[in-house]
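Work through the following exercises with the model open. Each task is followed by a solution in steps.

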Amino acid sequence: MGEENQIITDMVRAAYNLPEQDIKTYSPLALAYIGDAIYDLVIRTMLIMRGNSQVNKLHKRASNFVKAAAQKQIMEVLEPLLTPQEHSYYKRGRNAKSFTTAKNASIVEYRVATGFEALLGFLYLTGQMDRLMELVKIGTNALTQIETVQTKSGEQKKVSGKKDMEEGGATNEV
């Protein structure tokens, strides 16, 4: 494989002289750990490549995509599209017992988000970047189509319709 086509994992393995690992040996929380970082990097890259902006605005825009509630909405769209192997890694992450909790998310949102991140970690570590990007794009495009509104009773309700994830920023194209 030419150097211009190497994926990050290959470059890291070569630079640090690391052996290949069997993906099955990684805990679901370790997969979620790396998946969280990769998802954050993809979102930040997408936002910065849309144009230079103030860092606090970029952070706010990124937060709308990476928060647990958003990842749960993404998984609602992606789950039917997953292969059996991808679904098993998602479920492993979702069902993993974590000793931490999210500050601003329900337990269900946090667990689904952990499953999503474990799935991305699996795809990343196995070099399936095209599939990772395909799923992230489908998910973020769907996310921008969901608008959550507050009802009079205080409940949140999802309604269809185009929504920018922030003022004047994200569009449907990821």
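**Exercise 1: Leucines of helix α7**

At 0% relative accessibility, L135 counts as buried, where buried means under 20% relative accessible area, exposed over 50%, and partly exposed in between (1.4 Å probe, protein chains only). The model is a predicted one, in which local features need pLDDT of at least 70, side-chain atom pairs count only at pLDDT 80 or more, and totals for chains, interfaces and linings use all residues. Residues are numbered from 1 along each chain as its sequence is written, and side-chain values use heavy atoms, with hydrogens and water left out.

Task: Locate L135 and list what it touches, not counting residues up to four places away in sequence.

Solution. 
- Step 1. L135 is in helix α7, residues 129-143; helices (H or I, at least four residues) and strands (E, at least two) are DSSP runs, numbered from the N terminus.
- Step 2. Contact means heavy atoms within 4.5 Å. With residues up to four places away in sequence set aside, L135 touches L78, L82, E86, L119 and L123.

Task: Is L132 buried or exposed, and which residues does it touch beyond four places in sequence?

Solution. 
- Step 1. L132 also belongs to helix α7.
- Step 2. Its relative accessible area is 0%, so L132 is buried.
- Step 3. The residues that L132 touches, not counting those up to four places away in sequence, are I38, V42, L120, L123 and Y124.
- Step 4. L132 and Y39 are 93 residues apart in sequence, while their C-alpha atoms lie 9.1 Å apart in space.

**Exercise 2: L47 in helix α2**

Task: Find the element that holds L47 and the residues that L47 touches.

Solution. 
- Step 1. L47 sits in helix α2.
- Step 2. L47 counts as buried because its relative accessibility is 5%.
- Step 3. Leaving out residues up to four places away in sequence, L47 touches L58, R61, A62 and F65.
- Step 4. For A62, the C-alpha atom is 7.4 Å from that of L47, the two residues being 15 apart along the chain.

**Exercise 3: T114 and its polar contact**

Task: Which backbone atom lies 2.8 Å from a polar atom of the T114 side chain?

Solution. 
- Step 1. T114 is part of helix α6 and, with 8% relative accessibility, counts as buried.
- Step 2. The atom is the backbone oxygen of Y110. A polar contact is a pair of N or O atoms within 3.5 Å; within protein, one must be able to donate a hydrogen and the other to accept it, and residues adjacent in sequence count only if both atoms are side-chain atoms.
- Step 3. Not counting residues up to four places away in sequence, T114 touches L29, A32, G93 and R94.

**Exercise 4: The backbone at N17**

Task: What is phi of N17 near, and where is N17 placed?

Solution. 
- Step 1. N17 is in the loop between α1 (8-15) and α2.
- Step 2. Phi of N17 is near 55 degrees, a positive value in a residue other than glycine. Most residues other than glycine have a negative phi.
- Step 3. With a relative accessible area of 70%, N17 is exposed.

**Exercise 5: The chain as a whole**

Task: How many helices and strands are in the chain, and in what order do the elements run?

Solution. 
- Step 1. The chain has seven helices and two strands.
- Step 2. The order from the N terminus on is α-α-α-α-α-α-α-β-β.
- Step 3. Of its 174 residues, 32% count as buried.
- Step 4. Among contacts with a separation of 6 or more, 62% are between residues 24 or more positions apart.
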